[in-house]
Amino acid sequence: MSFHPNEVQRRGRTASFLLVGAFTFLASAFFRTQILEHAAYNLQSETNRLREVPLPAPRAIIYDRHGAVIAENLPGYSVSILSRSSDSLRVALTGLAGVITLSPEQMEAAVRRFKQAPNRPTVILADASFDVVSVLEEHRVDFPGLIIQAAPKRYYPDKEAVASFVGYTGEITESELNQRQNRGYKSGQEIGKAGLERQYEEQLRGKEGTHFVEVDARGRVVGEAGGRRDIAPESPDPLYTNIDLDLQRFAATLFGDTLQGGVMAVDPKTGEVLAIHSAPSFDPNRFIGGVSTSYYSQLRDDPRRPLYNKVIQGLYPPGSTFKLATAIMGLEAGIVGLDDHMPQPCTGGYFFGNRYFRCWDKRGHGDVNLRQAIEKSCDVYFYQLGLRIGINKMLAGGVTLKMRDKSGIDLPNEKQPLWPYAAEYFNKRYGPGGWSNGVLLSLAIGQGENSQTVANMARFYTALATDGSVVRPEIVKRQTERTRLFQLTTDQMDGLKAAMAGVVSSRGTAASAQIQGVVIAGKTGTAQSGVFRNGVELNHAWFTGYAPADDPKIVVAVMLEQVPFHGSVAALIASKMIEHYLKRPTIQGAQLEGD
Amino acid sequence: MNRKSVSDYPLVILALLLSAYGIAVVYSAGQTDFPVPYIVGAWKRQLGWFVLSLAAGYVLFRASVRLVEWMTLYLYMLSIFLLVITLIFGSGAGTAASVKGWLTIGGVRIGQPAELAKLTVVLMLARVLAARKEAPKSLLDLWKPALVVGGPWLLIMAQPDLGTGIVFIGIFFALLYWSGVSWQLLALIASPAVSLILAFNTGLWGAWFLILIALVLYYRPYIVEGVVLVLANVAMGVIAPLLWERLAPYQQRRLLVFLDPSADPRASGYHVLQSQVAIGSGGWFGKGYTLGTQKRLAFLPAQHTDFIFSVVGEELGFIGVTIALALFLMLFMRVVRVASRANDSFGSLVAFGLGASWFVHVLVNVGMTLNLMPITGIPLPFFSYGGSFMLASWLAIGMLLRISNEGRGRADSLAV
């Protein structure tokens with residue numbers, strides 16, 4: 001090599017320059033990363049090490065009108081786990097299954113939850129028993145990402161008695177999650193699934209809090225995150241309902257274990273729903289934290305359909321309870337007067353065309369006026385009244401009387417009643433000329449193309465109990481909404497009310513439903529169900545009425561589904577409820593709490 | 001001149017400071033929330049190796065440069081031999097389990113012959129270049145140096161260990177430069193590699209090709225050499241992309257993995273990101289010694305070996321990084337000084353070669369933690385946990401001190 005000192009010195013200087021240059025480059029790269037981009041990397045490092053563990057908020061307590069608890073929260077435990085991948089989650093789940101009982105469905109559900117929200121702790125058991133929790137605490141070291149935390153658990157002290165309207169909560173599904181994308185819902189959370197829990201979800205749900213934990217690269221929980229304070233969950237204000245829990249419980253006991261059907265009691269002046277029950281019912285507490293497959297299939301396969309709300313979802317021909325609607329149409333149009341008779345007296349049936357339409361009482365009611373026809377529920381009288389009203393007025397009248405409208409009660413999934421909007425309906429269904437005015441006879445007595453919910457019939461009778469305007473039924477206090485349905489003279493109105501009071505008198509069809517000291521007014525109904533048992537067609541037995549007749553405080557609509565008896569039995573149930581409501585000592589909330 | 005006692009204090013103090021800094025960081029690397037026993041105890045073993053290395057370095061310091069020069073050929077042959085048997089009987093370790101870098105006898109890992117080879121290649125190359133009266137002026141003149149580096153390089157690449165391969169290339173160019181080879185010739189030698197990299201951008205490659213032609217015309221090598229050079233560049237520029245594009249993505253990935261198994265793009269991409277996060281989150285002063293969360297929570301890969309500098313960045317911040325880099329820079333400046341003042345060409349070349357070897361390590365390793373360099377599993381001198389490298393580094397310090405002592409004028413009597 002050329003080793004002259006001068007040359008070597010020169011090369012040494014060049015090498016030194018290169019060294020300084022290279023190190024300046026490295027140092028400036030570190031300066032950029034550590035100083036200029038520090039904030040971004042610091043955030044990333046925090047995100048790396050901190051995981052947010054949600055602190056579930058208790059849902060709002062639901063009270064009845066007197067302050068008795070309908071839905072509350074009990075202390076419970078939830079078990080969840082932090083994982084880095086679905087594979088490591090599966091490994092952890094398999095390990096957990098060796099310590100506690102975990103069904104394959106629960107494991108699959110956990111993996112599904114993980115995929116929806118991989119950065120949140122994956123809920124494994126939403127409602128773990130104390131035994132499970134203590135076993136897991138013993139094995140805590142084996143499952144580093146395990147999080148056991150207190151999670152308020154929904155509880156309905158009155159179980160079956162309140163299920164019809166309060167509903168229940170459950171884990172949010174993927175589609176519910178998608179619908180509520182921007183409303184802060186997250187996978188694994190509880191959401192109202194039915195009844196008030198669903199209707200008032202936004203008011204009932206609390207605001208989830210956050211607890212920060214430090215995790216390592218494999219998702220193992222290292223400890224509490226120092227410096228980051230927890231965000232406490234927020235519990236919403238309680239929800240006050242108009243329900244009279246005492247009456248509600250009483251209604252449930254009246255149905256017992258054998259009767260099926262629905263009942264709704266409402267204050268005709270305010271629309272406040274005092275009681276609403278569908279029988280048979282179910283225990284909503286068993287839905288909390290995930291309903292078991294066996295219980296769910298038991299409910300689903302029960303022919304009496306406990307999950308189906310017979311008050312707002314069941315559609316039944318209203319039968320003779322509809323006769324008041326027919327009477328109103330006749331009176332309002334001036335076609336008939338309260339004391340008018342029909343051309344043909346009731347001899348137990350009526351010939352129309354070549355068909356014989358029977359009255360429910362084969363013995364016949366003789367020559368009756370409108371008042372008597374209502375008291376005795378004479379079909380033959382109403383056949384003729386219906387023919388006199390005519391098809392167009394009849395159908396239009398039904399629409400005006402809101403026989404096509406939902407009651408508007410504040411519960412989800414109410415069904416719309418069936419009532420033909422116009423004669424065109426029959427043309428479309430049977431073809432022009434394919435039907436006759438015979439349909440009028442059926443419609444006039446609440447049969448035929450007419451299916452109503454118990455809730456809508458209850459609403460209709462709030463108009464009869466007052467001045468002809470209906471009130472929207474409300475479980476939770478809202479703005480009262482009254483709508484005028486019909487306009488009758490005071491005499492006509494009083495006459496109809498007297499006739500309905502006559503129904504629940506020794507003269508009427510609900511004679512046995514009379515109670516001491518209170519005059520009940522109403523109308524029985526017995527509709528064919530189309531269901532036969534032992535060769536006998538079963539009925540839907542109705543009673544819709546109010547009391548006291550002179551100053552109505554309660555409207556009750558009762559429908560007994562597929563029973564071998566008549567509306568008089570439904571009237572009995574209604575009268576018991578009215579008696580219980582009006583005659584019991586004044587109730588104070590505090591006294592009820594201990595019930 | 002007392003040749004028995006160390007006189008180049010700056011050099012030895014810098015090396016001691018770097019070693020102490022390194023061992024302290026190796027200790028911190030073991031402080032994690034889920035401790036790995038092997039890494040927790042690493043600092044003690046590293047300390048043991050350090051003491052052993054000091055002794056070995058002192059022994060070499062006592063050996064005269066002439067003795068080392070005399071032994072060079074035998075040491076070189078020995079390291080070639082060790083590399084060959086490692087290739088046959090070697091085993092992998094740690095993050096590079098598929099790389100046969102460890103000499104293993106009866107299941108016991110003895111050491112990494114590549115570390116020895118780095119030293120002996122420097123010595124052998126220095127000997128070959130020092131034997132020439134003139135610096136190589138043509139490609140033909142370079143066949144001997146090329147052979148000296150090329151043999152062990154192929155054996156290393158067969159392990160395969162891309163990182164050490166890069167170090168060898170660095171040593172090769174550094175020593176050619178120090179022996180007086182002109183920069184134009186160095187550029188010509190490097191040109192095919194530049195073509196290979198630039199080939200993926202046609203415009204850049206075209207520009208480079210024009211520069212190359214100008215270089216060839218200016219430098220006027222032998223006709224054959226010139227033609228071979230240009231053809232090599234054309235081949236790299238035209239064929240490489242064509243071949244590359246014919247490969248399916250998974251094949252391309254496999255090729256990259258073949259070049260360096262530790263460089264699985266997905267996994268290493270994650271690791272480099274975590275390393276950048278660690279360093280970036282350190283800020284000015286860091287999160288505090290042993291307190292780095294990225295490290296504690298195992299987001300950092302190989303925090304006691306390849307990514308040890310990320311721990312420095314996270315826990316000691318920009319200040320700690322600057323101190324480490326400054327120590328390295330001062331050490332290298334000192335080495336350049338030793339090389340400049342050596343009293344013979346062999347010593348001068350050895351000194352410069354040893355420094356160049358460290359420099360490549362630092363540049364690639366530190367650059368890798370910020371994703372400025374590909375991940376090649378190359379350790380950081382004095383810092384990364386590992387006995388062989390610590391030993392080799394202190395042997396080099398011993399040799400440098402000796403060369404410094406034998407140099408023109410006493411190093412400590414001269415101004416820096």
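**Close-up views of a predicted two-chain complex**

**Figure 1. Buried positions along helix H1 of chain A.** In this predicted model, the residues of H1(A) that count as buried are A:Val8, A:Arg11, A:Gly12, A:Ala15, A:Phe23, A:Leu26, A:Phe30, A:Thr33 and A:Gln34. The helix has 32 residues, which at 1.5 Å a residue should span 46 Å, and the distance of 44 Å between its end C-alpha atoms agrees with that expectation.

**Figure 2. The side of chain A that touches chain B.** Contacts between the two chains involve 35 residues of chain A and 42 residues of chain B. On the side of chain A, the elements that contribute two or more residues are helix H1 (5-36) and helix H2 (38-49), and H1(A) supplies the largest share, with 18 residues. By residue class, this side of chain A divides into 17 nonpolar, 11 polar and seven charged residues. For the complex, the predictor reports an ipTM of 0.89 and a pTM of 0.67.

**Figure 3. The open sheet S1-S10-S11 of chain A.** Three strands of chain A, in the order S1-S10-S11, make up an open sheet with antiparallel pairing. Strand S1 (50-55) and strand S11 (221-224) of chain A are the edge strands, each of them pairing on one side only, and the twist from one strand to the next averages 45°. Strand S10 (residues 209-215) of chain A runs antiparallel to S11(A) and is joined to it by three bridges; within S11(A), A:Val221 is the residue that stands opposite A:Val215.

**Figure 4. Strand S4 of chain A and its two partners.** Strand S4 (residues 77-81) of chain A is mostly covered, with five of its five residues buried. The side chains of A:Tyr77, A:Val79 and A:Ile81 point one way from S4(A), whereas A:Ser78 and A:Ser80 point the other way, and all of these residues are buried. Strand S5 (residues 122-128) of chain A pairs with S4(A) in the antiparallel sense over four bridges, and A:Leu125 in S5(A) is the bridge partner of A:Val79. Strand S6 (residues 146-150) of chain A also runs antiparallel to S4(A), to which it is joined by five bridges, and here A:Leu146 in S6(A) stands opposite A:Ile81. In general, the strands of a sheet pair through backbone hydrogen bonds, and the pairing may be either parallel or antiparallel.

**Figure 5. The open sheet S7-S3-S2-S12 of chain A.** Four strands of chain A, in the order S7-S3-S2-S12, form an open sheet whose pairing is mixed. Its edge strands are strand S7 (153-155) and strand S12 (239-240) of chain A, and each pairs on one side only. Between strand S3 (residues 69-74) of chain A and S7(A) the pairing is antiparallel and extends over three bridges, with A:Arg154 in S7(A) as the bridge partner of A:Asn73.

**Figure 6. The surroundings of A:Ile172.** A:Ile172 lies in the loop between strand S8 (169-171) and helix H7 (174-179) of chain A. This residue counts as buried because 21 C-beta neighbours lie inside 10 Å, where the cut-off is 20 or more. Apart from neighbours within four places in sequence, the residues in contact with A:Ile172 are A:Leu177, A:Tyr185, A:Ser187, A:Gln189 and A:Ile191. A:Glu190 is 18 residues from A:Ile172 along the chain, and the C-alpha atoms of these two residues are separated by 5.7 Å.

**Figure 7. Chain A in outline.** Chain A contains 21 helices and 21 strands, and 45% of its 595 residues count as buried. Of the contacts in chain A with a separation of 6 or more, 73% are between residues 24 or more positions apart.

Figure 8. Chain B comprises 16 helices and two strands, and 51% of its 416 residues count as buried. Among its contacts between residues at least 6 apart in sequence, 72% join residues at least 24 apart. The pLDDT of chain B averages 83, and 85% of the residues score at least 70. Confidence in this chain is lowest in helix H11 (residues 249-259) of chain B, where the mean is 58, and highest in helix H14 (residues 308-341) of chain B, at 95. Over residues 410-416 of chain B the pLDDT is below 50, although this stretch has 12 contacts in the model beyond near neighbours in sequence.

Definitions and conventions
Residues are numbered from 1 along each chain as its sequence is written. Chains are lettered from A and ligands numbered from 1 in the order in which they are written. This is a predicted model: local features need pLDDT of at least 70, side-chain atom pairs count only at pLDDT 80 or more; totals for chains, interfaces and linings use all residues. Two residues are in contact if their C-beta atoms, placed from the backbone, lie within 7 Å. Ala, Val, Leu, Ile, Met, Phe, Trp, Tyr, Cys and Pro count as nonpolar, Asp, Glu, Lys and Arg as charged, and the others, Gly among them, as polar. A residue is buried if 20 or more other C-beta atoms lie within 10 Å of its own, exposed if 12 or fewer, and partly exposed in between; C-beta atoms are placed from the backbone. The expected span of a helix is 1.5 Å times one less than its number of residues. Two strands pair if DSSP finds at least two bridges between them. Axes are lines fitted to C-alpha atoms, for helices over the stretch in contact, and angles run from 0 to 180 degrees between N-to-C directions. pLDDT is the predictor's confidence in each residue, from 0 to 100.
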